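Here is a short briefing to read beside the structure. Keep the 3D view open as you go.

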Amino acid sequence: MSQQFLPDNPLPQEAKVPEEIARFSPAVEAEIDGHLAKYPPERRRSAMLPLMFIVQRERGWLDKPGVAYIANRLGVRITDVWETATFYSMIYTKPAGKYHVQICKTLSCKIMGAGNITEHCAQRLGIKPGETSADGKFTLSEVECLGSCGTAPMLQVGFDFHENLTTEKVDEILDACARGDYKFAVKVR
Amino acid sequence: MADLIKVTINGNVYETEKGARLIDVCREHGHAVPSFCYYSDLALQASCRMCLVRIEKMPKLQTSCTITCTDGMIVTTESEEIEKAQRAMVEFLLANHPLDCPVCDRGGECELQEMVFDWGGLEERFSERKNYAPEKFLSPMVANDPQRCILCKRCTRVCDEWMGEDAIEAGGRGAHTVIGTYDGWLNCSECGNCIEVCPTGTLLDATYRHQARPWELAQTITTCTFCSDGCQLSLGARVGEVMRAVARDRYVDGINGEFLCIKGRFAHPFINHEERIRTPLIRYKQGGRLVPATWDDAIGYTAARMRAIGEAHGADAFGIIGSPRLTNEANYALLKFAREVIGTENFTASDAFSLAPCFENLSAPLATHRDIRFAKTIILVGGEPEELQPLTGKQIRQAVRNGGARLVIFNSVPIRLKEQAAQFIHINPGTEDAVVLALAGANDDELAAGKLGVEAKTLADVRRALDETQGDCVLLFGSELSAAAMATLAQLPQLLGAREGRRFLLHPLPFYNNSVGAHDIGLMNAKLSVAQLLDQAGQGLRALYIAGSLLPEHLRGREETLRQLDLIVVQELFETETTALADVVFPAASFAETDGTFTNNAGQVQRVRQSIPPVHQARPDWMITAALASALNADFGFQLSASAVFREIAEHIAAYEGLRYPLLKDESRPVQAKHALAGARDMTGAIQEIRARIQSMNVTSARPTETPKVGHELFKPGTLTSKTPQFPLLYAGNPKPPTVLVSPLYQITVDANLRATTVAAGD
Amino acid sequence: MSIISDVIESTKAIIKGMGVTFSYIPKEKWTVEYPDEPVTVQPRYRGQHLLHVDEHGREKCVACFLCAAACPSDCIYIIAADDPRSPEERIGVDERYAKVYNIDYGRCIFCGFCVEACPKDAITHGYNFELSVYNRADLLKTKDDLLITKQKQSPNYRVAFADEDVDSEYKEV
């Protein structure tokens, strides 16, 4: 035991923050109840993904109170929620921008130049894949195959597909987003 | 008898039971099948793809861990094709595995290292950069290096299935999957079983981190000294210092498998702690200081004082108190000392409650932990096994989760095991006796249900479940029962009657490692309880000889009267509240420094073996007693050998008849003491007593509704556990330190005041 | 035998013997005037061990115990410890370092297995060969005696150049 390295001034004991649980409006609660009703009571945890989308929609991302809420509602532990949340690229475990630009990096897209598209986006937005821009508008990420190999390269904004990309096309999309007049074709759940 | 089927493995035909797993059958017959993720008794994972075999008529190579044997199956475990596939798998595993074996604590006992070493000549074709993540801490006990992970998920399965905690999970996906927790900090019971089952150096013991190498350690198989489960563990010692305790099956194969709780695994630093009493101490005058003395002086001084007191006041001026923490040998020596040297019956052991009523009326055998694992119905009355007897808790949980047992819990507190219970019956505090009354018969259902605060129908349901049980039915009970209730519960198998296909087993839940042994030796069915004996202080009692320390509940409030005694002799490891009253203190050897036996709550007599020589001048307790006896001109005849003491125990104690150390040497086949079974007894008197007791009981329906926090008992810093510097941190709420890259021990200091306040405010 | 023939034979023998002696006088000297002159040692000479440091002066040893495990005479004793400080402040290159590193030269047989076993190139044989002491306990060398930054090198040796043949049997003089 290397007691010799103990710092001279021990750090103060951190105050324990009580576990917060998110609260939602009755309308949202009713929506959640609707999802829960689809599954038998002992299989409640099957409603994990719909709940995650709702919490994310209401709170922007899966923050600590949100995770605690889901764990509480489904009778699972927060690590279970964490495990599921980190698996999916469309569930945010840290604050995400309004426009989530997801560029496919799997084989077909890669062959058709997804690397260039990513580089272009990164340069334009000034962020690396996996980061969120300072103004909180954009989140850039590289994702696995989105099932649009025939029209590679492609990217997804929210749930909208943009296919057969060129740098010009990407610029158009990003400009629309930056201006704020980008219309989501698929409604964010 | 299960059907036998024929399986052909590598051209040899073997008979095996239907439903056997292929990997087990292969290994049983000496066909080595490599694997990482397969772990018998855990849910299947089949993620390491190492156990591939070729089965005829199946199109591809199959994972043998997921295949159940069928009749006529023809299996090949060794071929060029299989080896090629396996080599490719290892190559993939090593694609992101760092080559830092010299630094990794697992080096030398790492399964991945061994597999690569055995095969040799593995080529590594990945020239890309490996995933990098810094080594970090998940808790004060668990160190984590995510890069070394091969994603076998044994840790997550153990955490879920053994501990029911789900504290550790795999997050992320693909090559970026990491083992971790929600916000990077583990708030669990810190059992460390994830460390034990990890095949690589991903999860490591933070208390032993970077201290030694496994091949440098002398491994000694011994019995844990904390709770009454008696887990078998292996102490790794190096030059007289115990470095770690593990239950890895390469070193030890006991009742607990690879399971240990936080205390067994991490609470060993007390053995070489600097506060250990180093020499005998004598307080020459009342109110003076304890002064170091030589052994000869201390023994001579004590003997002279004892002789003087004996001459002046007679034999009954002495009281002798053994301890449920000591070995059977130590307690037997004390008993012999009381009877033969002093000539008094004033002896007892400082246990929290006596199991005597249970053993006197025992009408069914004690359940071993294996019995609990395969039981069909489990009734738990009171107690909190997952905090106080963690192995029993784990076995109950596995019986329910993996064995489909029906668990019924009667408790006034919603304990954690309730998640597994088929029926959790929330009773009013202090009414555990009424449960026994209800189980014994239907006559008192109204009364019992009223006092318990439950519906009478619930009680009938439980009785029906007991009635319908096919297979083993285990009755577990905690410390809350009164003597009459304990006796009635012990007779319950007789009261309910025998039936074909149903077997009753009893399992008491005492607190200490040798509570059952202390009872067996005869210290607990003495005429006086500890409290009664201590109350005699000043009224005839002039001298006390205490091995170990008195429990706080016995000591508090009696300090003044005890100070009036002429002589108090104490054998202890550390200076405690009891040694503060002592006139003579002998330094005793801990469980790691002595040979002996402990008897666990399943009645199994298990060996304690010397791992290191006694530290400083300590001596084993029985040796001190024998030395004192010879100073008083009585020769016990077992000066230097614990086995001689045990032989004498075997001759004098009926339950231990015929036992010898060589018979106890195999920890994988523990020997159960032969406790005498009482036949059917007339329990009307006892039942009447319980009924009267319940009727006069003032019950409150204020039941705790919150499940107690994990570790509220486990983390309590006691005399021994507080010597592990991590325990106070855990008890202070296990705060997450500012950075997880450095051990929390170097970052957070729990000062004496904070510890005192948390203990005082503790549950 | 007559006296005369004896004298002649003896004189012949002396002349023959002294002839060898005198023939060597003009040749190069083999004797090393140790300790007045340094001894020349081969580059691969196995003398007292050296514990190495990296370019920032941090010890290379990570206390993996492989040298102790490889040692046939069991003369290496290590106590490993944790150094939780930042990489710049650390004693060693890694968090794990050897708090104690002792070699007992009363037992060491200079076989070089420890050097072969070391995965970090932290230990090598140096050239110091003067290990005689008056007290046997002094043969136990600690880390301070072994570290390359602290070991006192004897002035009584010089390392041969790579192409220099110091003591070959077939040396042409």
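The points below cover confidence, domains, a sheet and a helix.

This is a predicted model. Its scores are ipTM 0.83 and pTM 0.89.

**Confidence in chain C**
- Chain C has a mean pLDDT of 89. In this chain, 94% of residues reach 70 or more.
- Among the elements of chain C, helix α3 (residues 113-117) has the highest mean pLDDT, at 96. Strand β1 (residues 39-41) of chain C has the lowest, at 87.
- Where pLDDT is low, the predicted coordinates should not be read in detail.

**Domains of chain B**
- Chain B is divided into domain 1 (4-91), domain 2 (127-266), domain 3 (281-354 + 516-669), domain 4 (356-508) and domain 5 (721-761).
- Domain 3 of chain B is written as two segments, 281-354 and 516-669.
- The centres of domain 1 and domain 3 of chain B, taken over C-alpha atoms, are 55 Å apart.

**A sheet in chain B**
- Three strands of chain B form an open sheet in the order β6-β7-β10, with antiparallel pairing.
- Strands β6 (136-137) and β10 (203-205) of chain B are at the edges. Each has a single partner strand, so one side of each has no neighbour in the sheet.
- Strand β7 (residues 142-144) of chain B is joined to β6(B) by 2 bridges. These two strands run antiparallel.
- Phe137(B) has Ala143(B), in β7(B), as its bridge partner.

**A helix in chain A**
- Helix α7 (residues 167-179) of chain A has 13 residues. At 1.5 Å a residue, α7(A) should span 18 Å. Its end C-alpha atoms are 18 Å apart, which agrees.

Methods. Residues are numbered from 1 along each chain as its sequence is written. Chains are lettered from A and ligands numbered from 1 in the order in which they are written. This is a predicted model: local features need pLDDT of at least 70, side-chain atom pairs count only at pLDDT 80 or more; totals for chains, interfaces and linings use all residues. Domain bounds come from an automatic or database domain assignment. Two strands pair if DSSP finds at least two bridges between them. Helices (H or I, at least four residues) and strands (E, at least two) are DSSP runs, numbered from the N terminus. The expected span of a helix is 1.5 Å times one less than its number of residues. pLDDT is the predictor's confidence in each residue, from 0 to 100.
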